[in-house]
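Please have a look at it first, and then I will go through it piece by piece.

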Number of protein chains: 2
Amino acid sequence: MSTPLKNDLLIRALLRQPVERTPVWIMRQAGRYLPEYRAVREQAGDFMSLCANPELACEVTLQPLRRYALDAAILFSDILTIPDAMGLGLYFEAGEGPKFQRPVRSRAEIDNLPKPDVSDALGYVFDAVALIRRELDGSVPLIGFAGSPWTVSTYMVEGGSSRSFERIKGLAKEDPKTLDKLLAHVAQTTADYLTAQIAAGAQAIMIFDTWGAALSPDEYRRFSLASMQQIIDKLPRERDGQTIPLILFTKGAGVLLTDMVQTGCDALGVDWTTDLADARRYTEDRVALQGNLDPATLRESPADIERGVAEVLASYGSGPGHVFNLGHGITPDIDPESLGVLVDAVHRLSPQYHR
Amino acid sequence: MSTPLKNDLLIRALLRQPVERTPVWIMRQAGRYLPEYRAVREQAGDFMSLCANPELACEVTLQPLRRYALDAAILFSDILTIPDAMGLGLYFEAGEGPKFQRPVRSRAEIDNLPKPDVSDALGYVFDAVALIRRELDGSVPLIGFAGSPWTVSTYMVEGGSSRSFERIKGLAKEDPKTLDKLLAHVAQTTADYLTAQIAAGAQAIMIFDTWGAALSPDEYRRFSLASMQQIIDKLPRERDGQTIPLILFTKGAGVLLTDMVQTGCDALGVDWTTDLADARRYTEDRVALQGNLDPATLRESPADIERGVAEVLASYGSGPGHVFNLGHGITPDIDPESLGVLVDAVHRLSPQYHR
């Protein structure tokens, strides 16, 4: 645990401290675009068996670091481990995404949601964190993560993926107090879960709010942001004298970044629909920014990928506080060579912004 | 044609002139949530046969006006009539949305796209416009519309609906000049098409840019906004001494509204993810705003719908320049009674903002 980090670029950038070049990691960097991932996934059987096996989760977490000069590892897991631990019966149907056997919709179902003992029910995650830290041996920091209470609750209430969020938006309007209760319950469990990830060795934390921006701005603040705030208020921000930076990411946030910065987080993820220059203005340089190349760019030629990287770096401009990433996860169809082009371009083109 | 409008609230609001109450109409107000629409649709056979039959298109256009005190009719048609007229072979597969038999992808396919004579190929649309105007007899104005060149081109290049826009984003990066050419071709045909709608009697025009905000802000300005500008520059803005207001709607635009206002349009559609108060700030009251209740609100109780209407009206606040609408189209599952609650609430609650 006490091995000092050999590469702490990510931590410094997230804390807006000076760096020599912009650190880079990629959302879903451990994923299906890598043939070695697909081989392990096949060995594990299904997706949740892979998450639940610390050795295999560790292996796929490390795979992209063997290929690319990335500045962080991110725990291989899923945002739906928490409702799974609450007994909702997570399963994956081929080509259909995640589903729950027992979604929660009524006041009674929400009142009766079990409060899982995370150290027991999600012990496999903390075992994976500890194992990954040991294997990393201080080479780069390990990012732990969870979904936002709103995003996780959309799956719990809808019973799976949704585009219209019919049921949970209905709950928000008809019985907002019951939704508050569900969100608070998920927030408390998530705070316990992330605290245990930090105790096990996670060196930075990211909260993924994929669906917050499907709400109106008022509802976003009332439901999604407020419940992320409940987590933030409970999280330890230091361990063994090291600050644990916290990144919030609401996909499609746009000007909501202005509200997000008030939470006391260290950094905000930004998707490609907001210019980083605008995001800096919205956040008045009070937090670091992470992003934001359109993942579609990775389907293009090496020259186009390099140009895309150059544009993102230029959009952020000079000074500390930028972590290079895509604006959303890398997709399964990407040629692994293309990600190499991206990472090399960040290494080559970013030092000029840190002189 | 020269019948003066008995109810010109929409036109005045779009031009930011004083009104006694906020006018209201609803995107997709002629649609599947109405049993009388479903009956006509069944009679017509498929969706495109309904669009192509001026009598039936007129009938479904008028249906919602018989039920609700709406302040505008909108032509019943589809944004894909233009590529259909270019010979791409539009068809609809059950549950799958629109498809094209002959998508255009290569430079050669784009170079060879026919330039349809709209008065011939799309004459059925102008016949419907003239017929609807006659039937409306000046009761409320008729809105004509088209898709934005970017949005229409996504279907033409992808071959149907898309969520990732893989092929057209590839074209944008690898061969932007060819994409410019496609967009300019669609823009020219759309300008001809909308000009002919105005000549046939359309009294306001709306351009629907459903997918512009899937681009980065720079790409949005370069491809989507620039090609809408090409249309705007060619459109007549007056007919028989009457101004023809122009509404642009990029779903999810957020702060891009700031750029859209530069085009010289009269009004901007706003979806529910941007507060109208913020939208007024972005646009500095230089244009009217149309929107923006979350369509999901129509699934709630009458009290919740009324509260939703009150919040939207309050968010816009006092003064001219607001047209009430949803933030996107009404969905097929809505109880027709619920739309009545919405329209009545706008009539009852909006006059206080116009004293």
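What you see is a predicted model, in which local features need pLDDT of at least 70 and side-chain atom pairs count only at pLDDT 80 or more, while totals for chains, interfaces and linings use all residues. Residues are numbered from 1 along each chain as its sequence is written, and chains are lettered from A and ligands numbered from 1 in the order in which they are written.

Let me start with the sheet in chain A. Seven strands make up an open sheet there, in the order β1-β4-β5-β8-β9-β10-β11 (chain A), with parallel pairing. Contact itself means that the C-beta atoms of two residues, placed from the backbone, lie within 7 Å. Within the sheet, strand β5 (residues 204-209) of chain A pairs with strand β8 (residues 246-250) of chain A in the parallel sense over five bridges, and Ile205(A) has Leu246(A) as its bridge partner in β8(A).

Now to chain B, and to one strand in particular: how many residues of strand β4 (residues 142-147) of chain B are buried? Six of its six residues are buried, where buried means that 20 or more other C-beta atoms lie within 10 Å of a residue's own, exposed means 12 or fewer, and partly exposed means in between, with C-beta atoms placed from the backbone. In a regular strand the side chains alternate between the two faces of the sheet. In β4(B) both faces are covered, with Leu142(B), Gly144(B) and Ala146(B) buried on one side and Ile143(B), Phe145(B) and Gly147(B) buried on the other. Strand β1 (residues 73-74) of chain B runs parallel to β4(B) and is joined to it by two bridges, and Ala73(B) stands opposite Leu142(B), while Ile143(B) is the bridge partner of Ile74(B). Strand β5 (residues 204-209) of chain B also runs parallel to β4(B), joined by five bridges, and here Gly144(B) stands opposite Ile205(B).

Staying with chain B, helix α11 (residues 176-200) has 25 residues and reaches 35 Å from its first C-alpha to its last, close to the 36 Å expected at 1.5 Å a residue; that expected span is 1.5 Å times one less than the number of residues. Just after α11(B), Gly201(B) takes a positive phi of about 135°.

How do the two chains relate? Chain A can be laid on chain B with an RMSD of 0.0 Å by a turn of 180° and a shift of 0.0 Å along the axis, which is the relation of a two-fold axis; the copies are superposed by least squares on the C-alpha atoms of residues with pLDDT of at least 70 in both. As for where they meet, 22 residues of chain A are in contact with 22 residues of chain B. On the side of chain A that touches chain B, the largest share, five residues, comes from helix α10 (residues 166-174) of chain A. 100% of the interface residues of chain A are also interface residues in chain B, so the copies meet through the same surface.

Finally, some single residues. Val104(B) is found in the loop between β3 (97-100) and α6 (107-111) of chain B, and is buried, with 24 other C-beta atoms within 10 Å. By contrast, Ser49(A), in helix α3 (residues 47-51) of chain A, counts as exposed, with 12 C-beta neighbours inside 10 Å. Gly340(B), in helix α16 (residues 336-349) of chain B, counts as partly exposed, with 15 C-beta neighbours inside 10 Å.

Note on methods:
Two strands pair if DSSP finds at least two bridges between them. Helices (H or I, at least four residues) and strands (E, at least two) are DSSP runs, numbered from the N terminus.
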